[in-house]
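Me: I would like to learn how to read a protein model step by step. Could you take me through one, giving the general idea before the particular case?

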Amino acid sequence: MRIAILATAMTTGLALAGCINSGPANRSLESVHQPIVSVNNYVLDADASSGILSPTETRRVSDWLDAMQIGYGDQIAIDDSAASNTSRAARDTVAMLLARKGLLLANHAPLTGGAIRSGSIRVVITRASARVPGCPDWGTRSSTDFQNATTSNYGCATNANMAAMVADANDLVHGQSSTGNDPLTASRAIGTYRAATPTGAGGLNSNSTSGSSGGGQ
């Protein structure tokens, strides 16, 4: 009877162990959970049949850009292939709206679905986002592993934080290209700090206390 009970317990333990460590053993120090970068296009068609954007259309485009909360990492371009009266005035208006937010207008617009109405321009926002699917992952492989493998949750915190904090998700794919001006860019903030007048350079303000009412006496 003892042998039968012991055999049943061992079988149950092996079954549970098999359920816990069900995934392949990862014996490297590279996490199996890596950031996945997705790219989405958001479009808005604006009437430019006269070759320019009217004040109403300009306001509509501006409100849409504010609602989309555009910022660093977003690529904004204009598709004017359907504009009957091609003019740089409409493009310059959108470029001015972007310049107020510290952004530049891209040279080429990506292909988007749906036909553009004749006489309209299409403003396209290309936005990349990153996420790490499957994290946290505590159940695929447990810490009790006798195969000299890392746990299934290994790297989840680091990669998930990186995906959440990166300013431009495209940097996780191909990185930034060096322009040769990195030292100047890095020292610009230091130069501004050193050139600024110290807050205490003018001394302390002196206030006369004469003529006080002498309250409290």
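This is a predicted model: local features need pLDDT of at least 70, side-chain atom pairs count only at pLDDT 80 or more; totals for chains, interfaces and linings use all residues.

Me: What share of the residues counts as buried?

Reply: Burial is judged from relative accessible area, and a residue under 20% is called buried. In this chain of 217 residues, 28% count as buried.

Me: Which residues have the most contacts inside the largest nonpolar core, and which elements contribute to it?

Reply: To read a core, look at its members and then at the elements they come from. The largest nonpolar core has 20 residues, and Leu65 and Ile121 are those with the most contacts inside it. Two or more residues each are given by strand S1 (36-47), helix H2 (55-67), strand S2 (75-79), helix H3 (88-99) and strand S3 (120-131), while the largest share, four residues, comes from H3. Leaving aside neighbours within four places in sequence, Ile121 is in contact with several residues, including Leu44, Leu53, Ile78, Ala90 and Val94. Apart from this core lies another, of five residues, among them Ala128, Ala130, Val132 and Ala163.

Me: Where is Asn26 found, and is Asn26 buried or exposed?

Reply: Asn26 is found in the loop between helix H1 (2-20) and S1. Asn26 counts as buried because its relative accessible area is 14%, and the cut-off is under 20%. A polar atom of the Asn26 side chain lies 2.9 Å from the backbone oxygen of Glu30. Neighbours within four places in sequence aside, Asn26 is in contact with Val32, Ala149 and Thr150.

Me: What volume does the largest pocket have, and which residues line it?

Reply: Rolling a probe the size of a water molecule over the atoms shows where empty space is left. In this model the largest pocket has a volume of about 290 Å³. Its lining consists of Tyr72, Gly73, Asp74, Gln75, Gly102, Leu103, Leu104, Leu105, Ala106, Asp168 and Gln176. Sorted by class, that lining has five nonpolar, four polar and two charged residues.

How values were computed
Residues are numbered from 1 along each chain as its sequence is written. Side-chain values use heavy atoms; hydrogens and water are left out. On a 1 Å grid over the protein atoms alone, a cavity is a set of points where a 1.4 Å probe fits but cannot get out, and a pocket is an open set with protein on both sides within 12 Å along at least five of seven lines; lining residues have an atom within 4 Å of a point. Grid points are joined across faces, edges and corners, and a volume is the space filled by probe spheres set on the points. Ala, Val, Leu, Ile, Met, Phe, Trp, Tyr, Cys and Pro count as nonpolar, Asp, Glu, Lys and Arg as charged, and the others, Gly among them, as polar. A nonpolar core is a set of buried Ala, Val, Leu, Ile, Met, Phe, Trp, Tyr and Cys residues joined through side-chain atoms within 4.5 Å. Buried means under 20% relative accessible area, exposed over 50%, partly exposed in between (1.4 Å probe, protein chains only). Contact means heavy atoms within 4.5 Å. A polar contact is a pair of N or O atoms within 3.5 Å; within protein, one must be able to donate a hydrogen and the other to accept it, and residues adjacent in sequence count only if both atoms are side-chain atoms.
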